[in-house]
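This briefing is intended to be read beside the displayed sequence and model.

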Amino acid sequence: MNPVAISDADWLDAAAALAARGRPLSRPNPAVGALIVKDGRVIGRGWTRAGGRPHAEAEALAQAGAGARGATAYVTLEPCAHESPRGPACAHSLREAGLGRVVIGCEDPDSRTAGAGIALLRAAGIETTLLPSPAATRSLEGYLTRARLGRPHTTLKLATSLDGCIAMADGTSQWITGPAARAHGHVQRARSDAILVGGATLRADSPRLDVRLPGLAARSPARWVLTRGTAPAGWQAIADPAKGRFDDAQYLLIEGGAGAGAAFLAADRVDRLLLYRAPILIGAGQPGLGDIGLSSLAEAHGRWQLSDQRRLGSDTLDVYDRIR
């Protein structure tokens, strides 16, 4: 039986999946994935560790050892080309390891590296290919959004009934969705730097906003509240969705309150929608969103594109990305 041919794009997809292990703990550095492949076999792999070091390439090269000579490296982001007190430039490390090829899924927008990492490798005689990879780009969306727009990649989560309600008329909302959907929501928390709710939600529900999945409690995100007032201890106040850099966060999850979600949508600061829908009808309940500032129905069209859909127990999850 002939072995299945694995393309460069396939290897970059695998590296992107590996990069997910570094999110969000790699901040302020991007979560990068790297594979060292020789004769069709992975001999080294790595992802960016907590706090940004070691880099993915350093981890993969350490595993590969001398076997890296003549091998191919698959890296989701262009290897850094600038020296740092925290460690050598990855482009230099790849050059010194004697790689035969390097395949890169996304160019680095950081001015210290942008194009320089690729140029350094090519100058060393290493065949270097920039192969734009949707999977690599998606794995880096928090880093890329912050680098290009100066803000975190922002996801709005809504858990609603079929008729778009997030609670009964009296505010009762536990539980609209089932255990599988709620567990999936906690995974999204663990993948976020910060989680935000509106001031009314904070006052009414006193939410914990932690990650309640075995082994992931340490990944509970920072807690933010949308308010022009002061935040309680352990929380950070965000006054305006359209202003501020939101610390060094790369991934922000908005979870609670029709007003908070509407404010970020009105400011066009939402990049992804997670719509969890339970097979129930509420009727005269509380709507999932407030006014988002549309002046005509035509403005609502052409903004969102379905990127994923799945069943979670009896519930349905639809994922939409903002079309920009």
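Two strands are said to pair if DSSP finds at least two bridges between them. Helices (H or I, at least four residues) and strands (E, at least two) are DSSP runs, numbered from the N terminus. The model is predicted: local features need pLDDT of at least 70, side-chain atom pairs count only at pLDDT 80 or more, and totals for chains, interfaces and linings use all residues. Residues are numbered from 1 along each chain as its sequence is written, and side-chain values use heavy atoms, with hydrogens and water left out.

**Sheet**

- Strand E12 (residues 272–277) pairs with strand E15 (residues 315–322) in the antiparallel sense, over six bridges.
- Within this part of the sheet, Arg272 stands opposite Asp321 in E15.
- The open sheet comprises eight strands in the order E10-E9-E8-E11-E6-E12-E15-E14, with mixed pairing.
- Its edges are strand E10 (235–238) and strand E14 (304–312), each of which pairs on one side only.
- Neighbouring strands of the sheet are turned by 25° against each other on average, direction ignored; axes are lines fitted to C-alpha atoms, for helices over the stretch in contact, and angles run from 0 to 180 degrees between N-to-C directions.

**Helices**

- Helix H7 (residues 179–190) lies across strands including E6 (153–160), E8 (194–198) and E11 (251–256), and runs at about 160° to E12.
- In helix H6 (residues 141–149), the buried residues are Glu141, Gly142, Tyr143, Leu144, Thr145 and Arg146; buried means under 20% relative accessible area, exposed over 50%, and partly exposed in between (1.4 Å probe, protein chains only).
- The cover over the buried residues of H6 includes helix H5 (134–139), E6, E11 and E12.
- Gly150, with a positive phi near 70°, follows H6.

**Thr160**

- Thr160 lies in strand E6 and counts as buried because its relative accessibility is 10%.
- Leaving aside neighbours within four places in sequence, Thr160 is in contact (heavy atoms within 4.5 Å) with Cys165, Ile166, Ile176, Tyr276, Arg277 and Ala278.

- On a 1 Å grid over the protein atoms alone, a cavity is a set of points where a 1.4 Å probe fits but cannot get out, and lining residues have an atom within 4 Å of a point.
- The largest cavity has a volume of about 30 Å³, a volume being the space filled by probe spheres set on the points.
- Its lining consists of Arg23, Pro24, Ser26, Arg27, Asn29, Ala31, Asp193, Gln250 and Tyr251.

Terms used: On a 1 Å grid over the protein atoms alone, a cavity is a set of points where a 1.4 Å probe fits but cannot get out, and a pocket is an open set with protein on both sides within 12 Å along at least five of seven lines; lining residues have an atom within 4 Å of a point.
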